[in-house]
Amino acid sequence: MQKVDPLLSEHDLTHKKLAITAAFKHAIKLGKNKIDEMDIPVGSSKIGGSPDLPAGWEFPRYEDDYLTFMLQVNLSEAKPYDKDNLLPESGILYLFYEALEQPWGFDGDEGCFKVLYFAGDLGELERKKSPSIRTEFVAFPAFQLSFETMVTLPESPETLDFADDDEEANYFDFRQELVQPEDRNGKVVPAHYMLGEPLNIQDDVLEELFEGGKDPVLLFQIDSDEELADVMWGDSGMLYFCMEREDLMEKRFDRVRFTLQCF
């Protein structure tokens, strides 16, 4: 869990603690552990590398090539960190995206990503390399995923009134550092996570994707990350994959929506 109190003090927001903590939304942080992909068991959670797919599944295509495998989450590994009980208890979620061309998710970009769900026997899985013949963004370096409970915040919490522009600016800085902190070497830690509030770069992600929608949920947020083949989404951007809560409860992952935002 993030160190909230020191950040509140650093940004002169200790007097707003109750209002800020009342606006917290639980999320699941996706941490990367660099190990040889051969040492990552088939069916375990990972980002990059090659997916572990059921024998009969084809690698997802987009236009005249194949999508890039982004990650797979074994939900039985992630579920203990799902504080709001939104995710299925078990199964594997797979995420693919056209990482070379980087479509924005506009009209006409249909098929530029794919979220798949497998709820069968893990013994049916086999590791499959991408059949793409291109040389860029075929596969990212493999990292085993770890999970951690984290908290996120909306840009404009209903529980919070700002005394002036300076206090509002302090809140935005606090929120940024809470969700996207720096490590001991001063490098920004990529904000890869599931659930919670998206870290919007431009417009409100959930409003953009679900105008008039019912209770939308952030399924995945994938940050620019130099450890993933120095990948940058647009200009230091983010990928957001979202769906309505009812669809998540019913495991209708074919209804996920996507957008890319950058600076």
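Trainee: Which residues have the most contacts inside the largest nonpolar core?

Mentor: This is a predicted model, in which local features need pLDDT of at least 70, side-chain atom pairs count only at pLDDT 80 or more, and totals for chains, interfaces and linings use all residues. Residues are numbered from 1 along each chain as its sequence is written, and side-chain values use heavy atoms, with hydrogens and water left out. A nonpolar core is a set of buried Ala, Val, Leu, Ile, Met, Phe, Trp, Tyr and Cys residues joined through side-chain atoms within 4.5 Å, where buried means under 20% relative accessible area, exposed over 50% and partly exposed in between (1.4 Å probe, protein chains only). The largest such core has 52 residues, and those with the most contacts inside it are Tyr97, Met194, Leu219, Phe220 and Trp233.

Trainee: How are the planes of the Tyr97 and Phe241 rings arranged, stacked or edge-to-face?

Mentor: Rings of Phe, Tyr and Trp (its six-membered ring) pair if their centres lie within 6.5 Å; planes under 30 degrees apart count as stacked, over 60 as edge-to-face and the rest as tilted. The centres of Tyr97 and Phe241 are 6.5 Å apart and the planes stand at 80 degrees, so the pair is edge-to-face.

Trainee: How many residues apart are Tyr97 and Phe241?

Mentor: Both Tyr97 and Phe241 are buried. Tyr97 lies in strand 7 and Phe241 in strand 13 (residues 238-244), so that the pair links distant parts of the chain, 144 residues apart.

Trainee: Which residue forms a salt bridge with Lys32?

Mentor: A salt bridge is a side-chain nitrogen of Lys or Arg within 4 Å of a carboxyl oxygen of Asp or Glu. For Lys32, the closest N and O atoms are 2.9 Å apart, and the partner is Asp225.

Trainee: Why does the pair of Lys32 and Asp225 tie together separate parts in sequence?

Mentor: Asp225 is buried, with a relative accessible area of 3%. Lys32 lies in strand 1 (residues 25-33) and Asp225 in the loop between strand 12 (216-223) and strand 13, so the parts tied together are 193 residues apart in sequence.

Methods:
Helices (H or I, at least four residues) and strands (E, at least two) are DSSP runs, numbered from the N terminus.
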